[in-house]
Amino acid sequence: MVISPILLLMLTTQVNAHEGEHSDHKMTLGGFYENAAIKVDKELVSCTLSMGTKALCYRITVDVGANTDVDAGPWCPQNINDDSGQSGIWLEGGKVYDVDGKFIKNLATFYKDDQWQLFNPKTGKVRVTDSKQACLAAARPDVDPKYHNYCVQCLPSYVEKNTTLTYLIPAKPHLLKKPQEVSPDSGVGVAFNGVKIESSAPVDAILGAHTIAPFDDCGGHVNTHVGYHYHAITGCTEKAAQEHVEGDHDHDHDHDKLSQEVAIGYAMDGFKLYTHHNLDSTEAQNLDSCGGHFTKDAGYHYHVNEPGKNQILTCFNAEPGCVVEGDETSCTANRRPPPQDCKEGDASCIPGKRPLPPECENVDDVKACLDSHRPPGKK
């Protein structure tokens with residue numbers, strides 16, 4: 001879809017109006033919580049965006065294993081008698097479901113597939129991955145057959161110490177002629193609490209092995225490479241933003257705070273991300289195809305999708321930055337998808353990472369090759 005001329009003009013006007021703010025290369029990015037695990041560079045850095053544009057970027061580094069602003073879990077119930085307070089949620093068909101014991105018990109009916117059996121019929125005990133080794137084996141795209149019919153959960157304690165993610169976010173959005181779909185490689189952005197906001201969860205690969213990998217009530221779960229991350233925005237970020245961050249409209253004492261839009265973080269393309277609903281539970285109006293619009297106080301920004309959609313943001317209107325390792329400042333240097341976890345004991349296994357399948361080592365489209373080696377999706 002091509003961006004309309006009116007929207008393009010409005011976006012260009014906003015970006016140009018703020019260009020002077022960055023002319024001295026001083027950090028003006030605000031909103032991130034005061035947390036020793038989150039470092040926002042004081043100076044902008046020269047960077048290369050995902051489509052090759054040279055730019056100035058904010059650099060945000062998060063120690064995902066030490067982020068104290070995250071209260072994660074629970075995920076899997078331990079017994080089919082457990083209620084929703086002892087478990088997380090699942091996204092299906094645009095709806096959010098509690099993954100309580102009753103949900104686990106009724107999976108065969110829910111998916112119309114009698115191969116689902118995640119619990120012991122005699123004791124009611126749910127089969128749950130209960131170690132790092134089990135997590136690594138079950139959370140792979142090609143789920144270890146030993147862990148088919150499991151409720152999969154990985155704990156924050158499985159993330160190795162000093163595991164960091166570094167975000168390059170353009171200080172000045174570089175507008176595209178047409179929106180760019182959010183890809184699994186780029187992710188959506190980063191929340192003010194330092195949690196990565198991801199693209200859609202690969203539910204077909206999960207369900208193809210008759211496994212469930214629930215999210216907690218905040219829409220997040222863990223893998224050992226990026227730590228705790230969101231696949232849905234359920235309201236936790238909104239509550240945290242009210243506790244930690246001054247709202248965009250706090251300077252306007254005449255503004256009715258019950259109708260405020262709430263910012264939760266930054267998209268990879270440099271525009272702000274806001275909750276789906278306003279504080280008064282109304283929905284944002286006049287959104288474009290990417291979920292963005294203009295307001296007088298906040299300028300152009302995005303509103304995330306409803307949690308059940310399993311797609312926090314549909315597309316970008318500007319060229320996205322990326323997540324890099326170490327001091328890297330380029331988003332285009334033969335980048336590959338983040339490494340997947342491997343089974344402990346594999347001779348070729350780098351701790352915390354899994355090598356690409358041999359068939360995918362020397363191909364141009366690594367993602368397509370990986371997709372072809374994943375188990376079939378749900379029927």
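In this predicted model, pLDDT (the predictor's confidence in each residue, from 0 to 100) stays under 50 over residues 375-379, a segment with 11 contacts beyond four places in sequence, where contact means heavy atoms within 4.5 Å. Residues 17-28 likewise keep a pLDDT under 50, and the model has 19 contacts beyond four places in sequence for them. Where pLDDT is low, the predicted coordinates should not be read in detail. Over the chain, the mean pLDDT is 80, and 73% of the residues reach 70 or more.

Because the model is predicted, local features need pLDDT of at least 70 and side-chain atom pairs count only at pLDDT 80 or more, whereas totals for chains, interfaces and linings use all residues. Residues are numbered from 1 along each chain as its sequence is written, and side-chain values use heavy atoms, with hydrogens and water left out.

Rings of Phe, Tyr and Trp (its six-membered ring) are paired if their centres lie within 6.5 Å, and planes under 30 degrees apart count as stacked, over 60 as edge-to-face and the rest as tilted.

| Pair | Centre to centre | Angle between planes |
|---|---|---|
| Tyr228 and Tyr230 | 5.6 Å | 80° |
| Phe271 and Tyr302 | 6.0 Å | 85° |

Phe271, in the loop between strand 12 (263-267) and strand 13 (272-274), and Tyr302, in strand 15 (residues 299-303), are 31 residues apart, and their pair links distant parts of the chain; helices (H or I, at least four residues) and strands (E, at least two) are DSSP runs, numbered from the N terminus. Both Phe271 and Tyr302 are buried, that is, under 20% relative accessible area, with exposed meaning over 50% and partly exposed in between (1.4 Å probe, protein chains only). Tyr228 has a relative accessible area of 10% and is buried, and Tyr230 is buried at 4%.

Tyr230 and Tyr302 are also among the residues that touch the most other members of the largest nonpolar core, which has 48 residues; such a core is a set of buried Ala, Val, Leu, Ile, Met, Phe, Trp, Tyr and Cys residues joined through side-chain atoms within 4.5 Å. Strand 12 gives the largest share of this core, 4 residues. Another core, of 32 residues, lies apart from it and includes Ile80 and Ala138.

Phe119 lies in the loop between helix 3 (107-110) and helix 4 (132-138) and is buried at 11% relative accessibility. Beyond its neighbours within four places in sequence, Phe119 is in contact with residues including Ile80, Ile104 and Val126.
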